[in-house]
Amino acid sequence: MSAAKKKTGSGAAAPKQPATLPFLVEIGTEELPPKSLRKLALAFLEHFEAQAVAKNLLPAKTHDEVFFSPRRLALYIPALYPRQPDRSEEKLGPAVAAAYDAEGKPTKAAEGFARSCNTTVDKLARKQTDKGERLAFMLEVKGESAAALLPGMVQEALAKLPIGKRMRWGAGDAEFVRPVHWVLMLLGDKVLKSDILGMAASNKTHGHRFHHPAAIVIKKPADYRKLLEKTGKVLVEDRDGSLAGAIGKLVTQTAAKVKGKARLDAALLEEVAALVEWPVPLVGDFDRRFLALPEEVITVVLQGQQRYFPLRDTDGRLLPHFVTVSNVQSKDPKEVKRGNERVIVPRLTDAMFFWDLDKGVRLDARAEDLETMVFQKELGSYANKQKRVAALAEGIARDIGGDAVLARRAAGLAKCDLLSNLVGEFPELQGSIGMHVARENGEPPDVARAVEEHYLPRFAGDRLPETKTGQALAIADKLDTICGIFAIGQKPTGDKDPFALKRAGLGLMRIVVEGELDLVLAGLAREALAAQPVQGKASADEVYEFLLERLKAYYLEAGIRPDVFEAVRVRKPGKPLDFQRRLQAVNEFLKLPEATALAAANKRIANILRQAGSGSGSGEHGEVKPELLKLPAETKLHDEIATLRGAVASLSQAGDYSGALKRLAALRAPVDAFFDQVMVMDQDAAVKANRLALLASLSALFLQTADLSLLQVD
């Protein structure tokens with residue numbers, strides 16, 4: 001059940017609810033889109049639950065479930081109240097001043113309000129509100145039955161599903177992601193008579209299209225899944241992915257028959273679970289001669305196009321076998337096997353032909369033709385982009401300890417495979433084909449790997465470039481794309497990101513942070529912007545802020561608190577690696593017993609300086625004058641700050657922010673004593689200014705790492 005569930009009411013004790021009833025609804029359709037099926041199913045459950053909570057039909061604790069298969073979306077709610085509780089609802093009327101005339105008689109406003117409440121003016125109450133005293137009446141609202149509410153709730157949940165384009169079918173006006181063939185809807189053992197998406201609801205479902213196409217009567221909602229499996233030969237998926245897990249085990253067992261091992265890609269398992277209702281795994285074979293192809297080509301044909309599971313031996317080498325998951329229990333499995341084998345032969349044959357053509361042409365021989373490929377009309381061709389990236393990658397390689405010559409060479413080859421036959425046939429192989437051709441051409445190993453690596457990471461959680469040359473090229477290519485699109489004024493807005501800049505930005509930041517690369521990204525952004533053919537529509541600061549937003553998403557997903565991130569962000573570190581060190585330092589600081597008190601003190605100091613009309617930097621307050629320190633507590637704090645200043649500065653300059661904050665933790669006692677014993681806003685202006693300078697100097701020590709005043713502490 002979603003976290004949205006909570007008790008609602010006016011504050012009075014809720015009436016005792018009657019016993020609950022199970023509810024089941026199933027929408028039977030033509031084959032649903034497999035890649036979005038799970039998303040549709042979970043959204044169906046979420047939108048239904050939200051309504052059930054709002055209408056007080058759902059108990060506080062229940063394990064609701066969603067079931068789905070290629071031809072159905074179903075919700076099973078084990079416990080729903082059969083009707084809403086009766087409730088009292090306060091209705092406010094006109095102000096008392098407007099409800100009675102000078103003689104104390106009800107005005108038309110009062111009488112109209114009484115009529116709307118189906119009562120008389122003398123039975124109205126008065127209530128004091130923030131807008132003055134008003135007439136009021138407590139209405140007793142009878143709860144509606146679940147049977148009356150559920151059909152509308154189902155229709156509303158279906159209407160809110162994230163469907164890009166809805167279909168119409170037949171002569172009706174109903175619209176859905178696919179044509180609907182049946183609707184099942186039960187509350188307890190009773191059918192809820194209604195019309196959903198043009199179909200009358202019943203207690204009947206349908207089994208497997210071939211094994212049991214006949215109707216199956218469901219008498220009780222709890223029997224649904226079991227009857228579908230035993231009678232209908234249909235295994236449904238659930239939100240826990242149990243069917244995908246079961247298919248993974250079947251694939252593993254089947255692969256073992258040919259001494260193979262399948263890589264159980266989670267996305268592929270999820271897609272196969274959305275394609276089959278009765279999974280039957282089979283081993284298929286292909287001609288060994290195709291193993292001469294690059295592995296990526298074989299994988300994209302088997303896995304990407306046919307949804308087969310490629311198999312490898314114990315050493316990780318591809319075998320001439322695969323596992324396919326059929327949707328039928330065939331009487332002649334050998335024929336099913338032959339059919340699956342037959343469909344990949346022309347694809348692999350074409351791939352072999354293209355590979356022979358591609359490796360026969362040197363990669364650098366294609367570079368000149370990049371002039372004919374437009375990257376973006378305002379930013380020029382891929383050849384133009386390649387030149388910009390080469391200059392940027394060369395400098396980055398030097399900065400991270402790589403080879404600038406190799407980086408420039410790799411940049412000159414990086415986009416050449418876009419003109420190859422195999423990439424034309426399989427666009428997802430860009431980079432991989434370039435790497436293999438570069439190896440065939442005798443390019444240095446790091447150059448060949450960088451041609452592939454510069455596209456990494458391709459998606460969330462993907463691997464990162466491992467070579468220095470690949471890292472430099474990947475950063476340069478992504479930064480050039482981001483800066484170029486910013487330069488022409490087409491940066492992402494809201495949910496619109498046609499150039500996938502958010503993904504590129506996140507990938508760039510992952511490479512820098514996880515690779516621990518000591519780069520000044522703000523400076524690199526300035527350099528990349530200056531190289532663009534369009535100038536004046538974006539600044540380096542704007543690009544860097546965009547990259548920091550990607551970094552924020554990355555850290556929040558990793559469990560970093562938003563306030564910790566912002567405490568570092570306001571210091572504007574130019575290096576992501578420096579940013580990370582500061583974050584780690586603040587996180588470690590928060591574990592110290594002194595952290596809460598010192599964070600609160602920093603917040604108090606920031607407020608005092610703000611109220612005094614100044615910032616927290618010590619520069620604008622000048623030096624502290626020891627002769628104006630009147631009280632022992634302020635003298636002690638001044639001496640402690642002076643003692644720590646040099647060590648903290650040295651640690652901060654060395655990037656040891658954790659060490660700096662640990663040293664500053666020693667200030668807790670003198671800081672506490674200062675605020676207990678010293679009045680900052682002294683009547684003597686000179687003393688007051690001196691104390692403000694003292695606080696500013698204290699704040700400046702912490703600001704060398706982060707602005708601790710932004711931390712949320714108890």
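Me: A polar contact is a pair of N or O atoms within 3.5 Å. In this predicted model, with the side chain of which residue does the side chain of Q580 make a polar contact?

Reply: Q580 lies in helix α20, residues 576-589. Leaving aside neighbours within four places in sequence, Q580 is in contact with V513 and Y555. The polar contact joins side chain to side chain at 2.8 Å, and the partner of Q580 is Y555.

Me: Does Q580 count as buried or exposed?

Reply: Buried means under 20% relative accessible area. The relative accessibility of Q580 is 15%, so this residue counts as buried.

Me: With the side chain of which residue does the side chain of K385 make a polar contact?

Reply: K385 is found in helix α10, which spans residues 382-399. Because its relative accessibility is 2%, K385 counts as buried. Apart from neighbours within four places in sequence, its contacts are F375, K415, D477, D480 and T481. The side-chain polar contact, at 2.8 Å, is with D480.

Me: What is the handedness of the crossing of α22 and α25?

Reply: The axes of helix α22 (residues 632-653) and helix α25 (residues 685-703) come within 10 Å and cross at roughly 30 degrees. The crossing of α22 and α25 is left-handed.

Me: How many charged residues are in the contact of α22 with α25?

Reply: From α22, the residues E634, L637, H638, I641, R645 and V648 meet R691, L694, S697, L698 and L701 of α25. By class, this contact has six nonpolar and two polar residues, and the number of charged residues is three.

Me: Which residue with positive phi follows α8?

Reply: Helix α8 covers residues 295-305, and V297, I298, V300, V301, L302 and Q303 are buried in it. The elements covering these buried residues include α7 (266-273), β19 (318-326) and α9 (333-358). After α8 comes a residue with phi near 60 degrees, R307.

Key:
Residues numbered from 1 in each chain as written. Predicted model: local features only at pLDDT ≥ 70, side-chain atom pairs only at ≥ 80, totals over all residues. Heavy atoms only, no water. Helix = DSSP H or I, 4+ residues; strand = E, 2+ residues; numbered from the N terminus. Buried < 20%, exposed > 50% of the residue type's maximum accessible area, 1.4 Å probe, protein only. Polar contact = N/O pair within 3.5 Å; in protein donor to acceptor, adjacent residues only side chain to side chain. Contact = heavy atoms within 4.5 Å. Axes fitted to C-alpha atoms, helices over the stretch in contact; angles between N-to-C directions. Left-handed = near helix turned anticlockwise from the far one by under 90°. Nonpolar A, V, L, I, M, F, W, Y, C, P; charged D, E, K, R; others polar.
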